[in-house]
Amino acid sequence: MPDILSVADLRKSYAGREVVTGVSFGLRRGECYGLLGPNGAGKTTTLRCCLGLTTPDAGAIQMAGLPVPQRAREARSRVGIVPQFDNLDPDFSVAENLLVFGRYFGLADAATRARIPALLEFAGLTGKDDAPLASLSGGMKRRLTLARALVNDPDLLILDEPTTGLDPQARHLIWERLKRLLQQGKTILLTTHFMDEAERLCDRLAILDAGRIVAEGAPHELITRHIEPQVVELYGENAPDWARQQADGLATRIEVSGETAFCYVTDDKLAALLALTGAAPGLRVLHRRANLEDVFLKLTGRELRD
């Protein structure tokens with residue numbers, strides 16, 4: 001079965017600067033695929049090209065079996081989109097937001113009304129049909145935006161940072177709903193700055209930096225491929241100096257950010273390093289397994305991006 005979304009050698013420049021440089025990837029039906037990258041990496045431009053909202057300079061895009069941008073409008077009829085920022089209509093009630101959105105897809109009001117109870121149940125908004133938008137919390141609005149993206153029963157969902165600004169309880173509820181959609185056979189393209197979110201949800205992901213894909217694979221594969229298995233974090237005013245002087249022979253790599261030193265360690269050196277840190281007065285220590293955030297920072301750097 002062909003990929004529901006395929007991108008081949010995508011390129012886009014603005015004012016002579018190439019912001020997407022030969023990006024290629026494909027989404028298998030029924031999977032969650034993540035696009036990760038620091039600010040300015042090219043994620044938004046890539047998404048806009050995939051949706052036919054920005055015309056690429058070169059490359060080929062197929063979405064739902066149709067070429068984009070040539071047949072973008074037709075392809076988008078099989079897609080649901082959750083934008084980075086909610087754009088619900090504040091003048092409409094909860095149910096009216098769903099009803100009006102259905103009209104954009106040419107759906108009869110009767111057909112949309114028949115779907116509204118199930119959509120509100122899915123979003124945890126049962127009984128909120130007539131509620132004004134102003135009465136909803138931020139988490140409720142985000143769940144309503146997700147329900148709205150399902151009005152047309154899409155094959156592909158494109159989610160742009162769907163849990164930004166939500167508290168932990170709301171984030172976990174969104175995650176549970178997204179997993180339910182995957183179990184139903186939906187395909188998800190996800191962008192997020194939360195590495196734990198990507199690690200939980202994504203079957204595969206790509207890390208972009210400076211317009212290029214620098215790594216692609218399943219989260220656990222990327223961790224195994226790119227990073228040492230153990231991390232010892234050292235905190236305190238003298239932690240960076242201590243790490244450089246005492247841990248250098250035990251840690252494979254040492255990275256410093258402010259007053260924190262990150263020691264990346266192989267399994268056979270871990271016990272010795274922990275014993276050494278335990279004898280150091282005033283040193284605060286956290287030991288953990290390596291995770292996707294470690295991979296992301298190694299590949300894209302710790303420098304702040306605007």
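Me: What share of the contacts between residues at least 6 apart in sequence join residues at least 24 apart?
Reply: In the protein, 67% of those contacts join residues at least 24 apart, with contact meaning heavy atoms within 4.5 Å. This is a predicted model, where local features need pLDDT of at least 70, side-chain atom pairs count only at pLDDT 80 or more, and totals for chains, interfaces and linings use all residues. Residues are numbered from 1 along each chain as its sequence is written, and side-chain values use heavy atoms, leaving out hydrogens and water.

Me: How many helices and strands are there?
Reply: The protein has 11 helices and 14 strands. Those are DSSP runs numbered from the N terminus: H or I over at least four residues for helices, E over at least two for strands.

Me: OK, helix pairs. At what angle do α3 and α5 pack?
Reply: About 30°, with the axes of α3 (residues 94–104) and α5 (residues 138–149) 9 Å apart. Axes are lines fitted to C-alpha atoms, for helices over the stretch in contact, and angles run from 0 to 180 degrees between N-to-C directions. So α3 is roughly parallel to α5 (angles under 35 degrees count as roughly parallel, over 145 as roughly antiparallel, 65 to 115 as roughly perpendicular and the rest as oblique).

Me: Which residues make that contact?
Reply: Val94, Asn97, Leu98 and Phe101 come from α3, and Leu144, Ala147 and Arg148 from α5.

Me: And α4, how do its axis and that of α3 cross?
Reply: They cross at roughly 135° and come within 9 Å, α4 being residues 109–122. That makes α3 oblique to α4.

Me: Which residues meet there?
Reply: On the α3 side, Val94, Ala95, Leu98, Leu99, Gly102 and Arg103; on the α4 side, Asp109, Thr112, Arg113, Ile116, Leu119 and Leu120.

Me: Switching to α8 and α11: what's the crossing angle?
Reply: Roughly 55°, with the axes of α8 (residues 219–226) and α11 (residues 292–300) coming within 9 Å. The two helices are therefore oblique to each other.

Me: Who touches whom in that pair?
Reply: Pro219, Leu222, Ile223 and His226 of α8 meet Leu292, Val295, Lys298 and Leu299 of α11.

Me: Last one, how much of the protein is buried?
Reply: Of its 306 residues, 50% count as buried, meaning under 20% relative accessible area with a 1.4 Å probe, protein chains only. Along its principal axes, the C-alpha trace spans about 70 × 45 × 35 Å.
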